[in-house]
Amino acid sequence: MVDHRASLAVFKLASCDGCQLTLLNCEDELLAVAGKVRIAYFPEATRGVLRGPYDVALVEGSVTTPADAERIGEIRAQSRTLVSIGACATSGGIQALRNVGDVEEFRSIVYAHPGYIATLAHSTPVAQHVAVDFELRGCPVDKGQLLELLTSLLAGRHPRISTASVCVECKLRGTVCLPVSRGVACLGPVTQSGCSGLCPAYGRGCYGCFGPVPGANLASLAHQLAVLGLRPEDITRLLRTVNTAAPEFAAESARQEMMSR
Amino acid sequence: MPNQSTGTEAVLDLPGLQALVDALAATHTVIGPQVSDGAIVLGPLARVDQLPVGMGDDQDAGSYRLRERTDRAVFGYAASAVPAKRWVFPPREPMSRTHDDGTTVSVEPVLARPQRPVALFGVRSCDLAALAVHDRALLARPVPDPWYAQRRAGLFIVVAACTTPARSCFCVSMGTGPAPGAGFDLSLTELVEGEHRFLVTSGSPAGEQLLARLPTRAADTVDRSAADAALRQAAESMTRAMPTDGLAALLLGQPEHPAWAEVAQRCLACGNCTLACPTCFCTSIVETAELGSPVSERARVWDSCFTADFSHMHGGSVRTGISARYRQWMTHKLGAWVEQFGVSGCVGCGRCITWCPVGIDITEQARALARPAGQEPRERKP
């Protein structure tokens, strides 16, 4: 009997596995997913491997090694639709801190035999190497958004993923704005939603996990963070986390770093 | 400013205020002001000691702080952080459900009826004015909005006249306060000098009936003059004002004024102003279908004209820049709104000023647009 279900492959580059775990964490919905797609390649979930090409490929992680730079091209060649998932795959991840450091120095400090380590000077997002059909943000990605993505791909429609700021989610949720009411440093106004405003709801400023909103006005936010008492080095630090290499965050953190010198 | 209502007047003490809450709670879900997460918000209220007793607020552009008052006032603060609109126009309102069993598709309208009607207790005159704006926009049209209409129909409104405006407030210039206009069921004016009491006035037959059941005493001239004095003082202490003269024409006639580009340098396009605004009612219609389920749900969810997606049409977003989005919001709120609904979309509550993370002041922007281009550039640029 011919299996007409779409085939799904989940690949991993340099990453922590948290994003593919989000798929396994779907629990209630996992059976429905498994009913609609043929899981062809997903080493974290199953030993069984089906050969490509694949209808849908989810790619987690960033490109940090010469081998992965080659592999992502092979993945692209085998995938009808390629979606990069998570901050690593969409901006380079926390490991892109190397982009503003000295990777040779890290290598000599971290590894007993640095000679065995083949690594690139920069951590780069998947879209910098191959064409990507959709980028799903987050660290990790949001379960609801991941399901919406899969549902939309199977239905042949565009995924409905909002690019509004985290502020919109805070207001929908009824969270009192932290920077305004308590002077807390928060990246929410320039960060894309997707987390349901999780951190501010628990009294923590937004860390920017879902990356910058389209056209993010970092200069104005940085000015306001300075008004709240942050020094340029504090602002640099705030912007250099999981989306450190996202262009808007990278440009502003570089500007702040210059100011702090 | 004298109270404009001509209803029955009486005086309640604090136990009397509790009796009012109890009477409302028998038939309604009572929503009132209370301190939560470092701000005064609206939420379910059962007892008057849940009110922000002895609490005030300092609100200014981009800043909100609670402060302790020197008295035991329970309504001694300005606009709440959360406006009342979420109880008549909730963030997510289901509209319909579609069932597809493989051969037929059926659509079932959804009109979620709240289990009990809501009583808004201790909302301000700006909140009352905002409800009147929503009534114009959502009810006074050929097909009234059924979801809003249903929630609005059962609403009981106890307004608390504002005697302690914040620096962000400008209701006097919008003609919406601090004394409440029409549209309430009961109005309270808190008096803290001498005996702690509330001058209560009925504004509807329902309010009149409820008032008759409460343990009140008759209002005398001392009560009335104290209430008038408190409201007069509130009006006089208001420092911000919207320059309303010719404002609509000024806004709509200058799409290329440099003030739009200047404000866009500061604006984050985060949407806080529109979502804190008690009258903004823009939504997105969202369809959600669970994988493998034959049912999909359609709901409307609060949206904002500041998001890139909001004006997305065939080919992309119509308003790609922040300048265009800010201009859209302000010209609609204070200009096109008047043509559309016969009333300004602004009630002077100041929430957009307070809750803007970078403190953009809509009244200052109106003044900037009144200046000829090239004069008095903004001092502060990031």
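Student: Hi! Are B:Tyr326 and B:Trp329 buried or exposed?

Tutor: Both B:Tyr326 and B:Trp329 are buried; buried means under 20% relative accessible area, exposed over 50%, and partly exposed in between, with a 1.4 Å probe and protein chains only. Bear in mind that this is a predicted model, where local features need pLDDT of at least 70, side-chain atom pairs count only at pLDDT 80 or more, and totals for chains, interfaces and linings use all residues. Residues are numbered from 1 along each chain as its sequence is written, chains are lettered from A and ligands numbered from 1 in the order in which they are written, and side-chain values use heavy atoms, with hydrogens and water left out.

Student: Why is the pair of B:Tyr326 and B:Trp329 called edge-to-face?

Tutor: Because their planes are at 75°, with the ring centres 5.7 Å apart. These two are 3 residues apart in helix H10 (residues 322-341) of chain B, so about one helical turn separates them. Helices (H or I, at least four residues) and strands (E, at least two) are DSSP runs, numbered from the N terminus.

Student: Switching topic: what area is buried between chain B and chain A?

Tutor: About 3000 Å², 60% of which is given by carbon and sulfur atoms. Buried area is the accessible area (1.4 Å probe) that two parts lose on being put together, summed over both. B:Leu268, B:Leu291 and B:Trp355 supply 22% of what chain B buries against chain A, more than any other three residues.

Student: And how many residues are in contact there?

Tutor: 41 residues of chain B are in contact with 33 residues of chain A, where contact means heavy atoms within 4.5 Å.

Student: What is the count of salt bridges between chain B and chain A?

Tutor: The count is 0, a salt bridge being a side-chain nitrogen of Lys or Arg within 4 Å of a carboxyl oxygen of Asp or Glu.

Student: One last thing: where does A:Thr163 lie?

Tutor: In chain A, A:Thr163 is in the loop between helix H6 (143-155) and helix H7 (166-173). A:Thr163 counts as buried because its relative accessibility is 19%.

How values were computed:
Phe/Tyr/Trp six-rings, centres within 6.5 Å; stacked < 30°, edge-to-face > 60°.
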